[in-house]
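Welcome! Please keep the structure in view as you read.

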Amino acid sequence: MATGAAKHWWERDTAPGYVLLAATILSFLLFNAPFGEALHHWLEAPFGTVGFGEGAHALNLHLVINDGLMVIFFLYVGLELKRETVEGPFKNPREAALPMAGAIGGMVAPALIYVAFNAQEPAFLRGWAIPAATDIAFALGVISLLGPRVPPGLRLFLLALAIIDDLGAILVIALFYSSHLTGWALGGAAVTYIAMLLMNRAGIKSLLPFWAMGLVLWGFMLVS
């Protein structure tokens with residue numbers, strides 16, 4: 001295995017930040033090019049259907065990225081955060097209180113500022129939740145550019161703050177912006193989640209059943 005100076009570029013701590021920066025610049029150039037609108041339509045062009053009945057969704061590249069690849073990203077970030085709560089510094093609730101308070105403040109303060117600026121525009125007030133979310137991928141990508149010079153505690157704090165903030169934003173969207181909910185799919189997701197908890201309590205160590213149940217859970221949530 002390559003170590004030290006012999007490491008491949010993709011094995012370095014700064015690699016995710018550079019990849020994210022390059023992808024951002026490339027996407028900005030592509031979507032502002034003369035063919036940008038055609039590219040947007042290509043991403044939205046359906047090539048199949050996922051789900052059935054009232055829970056059916058048109059399958060396109062936009063859906064694959066937002067509801068497929070991003071799910072995998074959040075899964076791994078969530079696993080890292082869970083490890084820190086089980087055997088890391090966040091095992092102590094007092095240590096976890098700071099990023100939690102920061103995340104709540106980071107949601108409430110921007111929302112209140114938005115409301116203050118749009119109090120006289122009732123049509124715009126519905127967007128109060130938009131500034132409440134952070135971009136965890138960008139935040140972690142940018143901090144990775146500093147490599148080992150970033151204190152582990154700072155990176156962990158940012159990771160926890162961003163995850164809690166995003167979970168809060170998702171909860172806000174679910175409670176205030178969702179419509180046309182599919183009851184049987186929500187029920188299926190709840191049952192699947194409980195089944196996974198019971199599997200964990202039963203001491204099942206094999207990852208295959210959890211991957212399978214996780215895929216089922218993702219399907220239920222997608223069509224819900």
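Helix α3 gives the largest share of the nonpolar patch, nine residues. This is a predicted model, in which local features need pLDDT of at least 70 and side-chain atom pairs count only at pLDDT 80 or more, while totals for chains, interfaces and linings use all residues. Residues are numbered from 1 along each chain as its sequence is written, and side-chain values use heavy atoms, with hydrogens and water left out.

The patch lies on the surface and has about 1,100 Å² of accessible area together; among its members are Phe47, Ile72, Leu207 and Trp211. Two or more residues come from each of α3 (61-87) and α9 (207-223). Patches are made of residues with over 30% relative accessible area and no salt bridge, with nonpolar side chains (Val, Leu, Ile, Met, Phe, Trp, Tyr) joined within 5 Å and like charges within 9 Å. A salt bridge here is a side-chain nitrogen of Lys or Arg within 4 Å of a carboxyl oxygen of Asp or Glu. Areas come from the Shrake-Rupley method with a 1.4 Å probe, and for residues only the protein chains shown count as cover.

Ile72 lies in helix α3. Because its relative accessibility is 43%, Ile72 counts as partly exposed (buried means under 20%, exposed over 50%, partly exposed in between, with a 1.4 Å probe and protein chains only).

## The whole chain

The chain holds nine helices and two strands. These are DSSP runs numbered from the N terminus: helices are H or I with at least four residues, strands E with at least two. From the N terminus on, the order is α-α-β-β-α-α-α-α-α-α-α. Of the 224 residues, 23% count as buried.

In α8, the residues Ala185, Gly188, Ala189, Thr192, Met196 and Met199 are buried. Seen down the helix axis, the buried residues fall within an arc of 100 degrees, so they line one face of α8; the arc is that of the directions from the axis to the C-beta atoms. The face turned away from this buried side carries the exposed residues Gly183, Val191, Leu198 and Arg201.

## An aromatic pair

The structure holds one aromatic pair. Rings of Phe, Tyr and Trp (its six-membered ring) pair if their centres lie within 6.5 Å; planes under 30 degrees apart count as stacked, over 60 as edge-to-face and the rest as tilted. The pair links distant parts of the chain, with Trp184 in α8 and Phe220 in α9, 36 residues apart.
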